[in-house]
Amino acid sequence: MSEPHSLMGDPPPDHSAGPLSGLVVVSLEQAVAAPFATRQLADLGARVIKIERPGSGDLARGYDRTVRGMSSHFVWLNRGKESVQLDVRSPEGNRHLHALIDRADVLVQNLAPGAAARLGIGHHALAVSHSRLITCDISGYGSSGSYRDRKAYDLLVQSEAGLLSITGTPDTPSKVGLSIADICAGMYAYSGILTALLKLARTGRGSQIEVSMLEALGEWMGYAEYYTRYGGTAPARTGASHATIAPYGPFTTRDGQTVLLGLQNEREWASFCEVVLQRRNLVGDNRFAGNADRVAHRTDLDKLVREVTSKLSARELVNRLEEARIAYAYQRNMQEFSDHPQLRERDRWATFDSPVGPLTGLIPPVTFHGEADGPQRLRPVPALGEHTDAVLAWLDAAKDDTREGGTACPQS
């Protein structure tokens, strides 16, 4: 990649190294989708300058107070960023915003529809004045169509995408317990930005990226949509069981524990009958001849499986599953996930700083082997406006350098 203009200014002293070290990202972001995308970039070493409203900041700062007074959402989504308070609608704040964009490689925004254009930072205008800039606009429903101006919250998009209709029990549609529409939009924004960086390295031209929450979640709904369009019925709501594979789901043991198990093929079904159920005769039962038959007779099958699992302890059941080479998992709660032996054995937890003191979090899931020894260092969570003065001073220094004939320059 040719040297981006942002490398011509000095990064903050505590800026971490990483594959994206030297990349400058300016983000006008709220809530989950855009912050999720930019935190992935920050974890890879990018300098992410987060623009926040004076006084209140990102609305996610106020979602809860569970992390020693800070919001769990904000801590999760904003580690490693610099917080700058700007009233971007004021003349002075807008000038600072444009000056930051002049120094940026990537601009991310999930403002209300039309807000970016009103601020003078719409992607059409910036494509002309900043030919190397990568812009990424994240919205609920996209920049066109009759839904363009609708407010889009995660649960509402889950509903519009049909996710609620296939999630839950037969009696009760349910939302996914995470902000999955936001998260998947953020992941597509992140991968789109990385793709645009490859294009920039090859062609020297920036990109204008748009990600819609509905379209992002719709991509994840692909199998269910095909199943319904061509099968005539939607996948059934089956609680924690799989809608189209059986047996696949939770079973309770004699000691009250819940073990989830899943089969994928006929070899596993034969082994499951012989070793786990100890009823080899079921292999020849026409009700269970193939997966489609087992799904059709799920009630009978689950009853047979429960008759066995209810008489075994969790350890005894797991021993049988391991002998039969059947996949399984314990149904863990969040505290048990925090104490998960696999994450502990792989040293996946690390501490990072915050305005409320040291906190613990998972290190990023993509491991770059050979990049460094030991766990990856996690960068701090910013206080509101913590970096305003330093970032504005960086802008002033860049202007002085330009006046004195230095190399700092905006994109052209």
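**Figure 1. Val-108 stands opposite Cys-136 of strand E5.** This is a predicted model, in which local features need pLDDT of at least 70 and side-chain atom pairs count only at pLDDT 80 or more, while totals for chains, interfaces and linings use all residues. Residues are numbered from 1 along each chain as its sequence is written, and side-chain values use heavy atoms, with hydrogens and water left out. Strand E4 (residues 106-109) pairs with E5 in the parallel sense, over four bridges. Two strands pair if DSSP finds at least two bridges between them. Helices (H or I, at least four residues) and strands (E, at least two) are DSSP runs, numbered from the N terminus. E5 also runs parallel to strand E6 (residues 208-212), and five bridges join E5 to E6. Asp-137 has Glu-210 as its bridge partner in E6. Strand E5 (residues 134-139) is mostly covered, with five of its six residues buried. Buried means under 20% relative accessible area, exposed over 50%, and partly exposed in between (1.4 Å probe, protein chains only).

**Figure 2. Cys-136 and Cys-184 are in no disulfide.** A disulfide is a pair of cysteine sulfur atoms within 2.5 Å. By this rule, the count is zero. For Cys-136, the nearest cysteine sulfur is that of Cys-184, 13 Å away. For Cys-184, the nearest is that of Cys-136, again 13 Å away. Cys-136 has 0% relative accessibility, so it counts as buried. Cys-184 is buried too, with a relative accessible area of 0%.

**Figure 3. Helices H8 and H9 cross at roughly 95°.** Two packed helices are described by the angle between their axes and the distance between the axes. The axes of H8 (residues 180-203) and H9 (residues 213-220) come within 8 Å. Axes are lines fitted to C-alpha atoms, for helices over the stretch in contact, and angles run from 0 to 180 degrees between N-to-C directions. H8 and H9 are therefore roughly perpendicular to each other. Angles of 65 to 115 degrees count as roughly perpendicular, under 35 as roughly parallel, over 145 as roughly antiparallel and the rest as oblique. H8 contributes Ile-180, Ala-181, Asp-182, Cys-184, Ala-185 and Tyr-188 to the contact. H9 meets them with Met-213, Ala-216, Leu-217, Glu-219 and Trp-220. Contact means heavy atoms within 4.5 Å. The residues of this contact divide into nine nonpolar, no polar and two charged. Ala, Val, Leu, Ile, Met, Phe, Trp, Tyr, Cys and Pro count as nonpolar, Asp, Glu, Lys and Arg as charged, and the others, Gly among them, as polar.

**Figure 4. Strands E7, E8 and E9 form an open sheet in the order E7-E8-E9.** The pairing is antiparallel. Strand E7 (248-252) and strand E9 (327-330) are the edge strands, each pairing on one side only. The twist averages 25° from one strand to the next. Strand E8 (residues 258-262) and E9 share four bridges. Val-259 stands opposite Tyr-330 in E9. Helix H14 (residues 314-324) lies across E8 and E9 and runs at about 155° to E9.

**Figure 5. The peptide bond from Ala-246 to Pro-247 is cis.** Its omega is near -5°. Pro-247 is placed in the loop between helix H10 (222-231) and E7. Ala-246 is also one of the contacts of Arg-298. Arg-298 belongs to helix H13 (residues 298-309). Arg-298 is buried, at 15% relative accessible area. Arg-287 is 11 residues from Arg-298 in sequence and 9.4 Å from it in space, C-alpha to C-alpha.

**Figure 6. Ala-31 and Gln-278 have positive phi although neither is a glycine.** For Ala-31, phi is about 65°. Ala-31 sits in the loop between strand E1 (24-28) and helix H1 (33-43). With 17% relative accessibility, Ala-31 counts as buried. For Gln-278, phi is about 55°. Gln-278 lies in the loop between helix H11 (266-276) and helix H12 (291-296). Gln-278 is exposed, at 52% relative accessible area.

Note on methods. Lists of a residue's contacts leave out its neighbours within four places in sequence.
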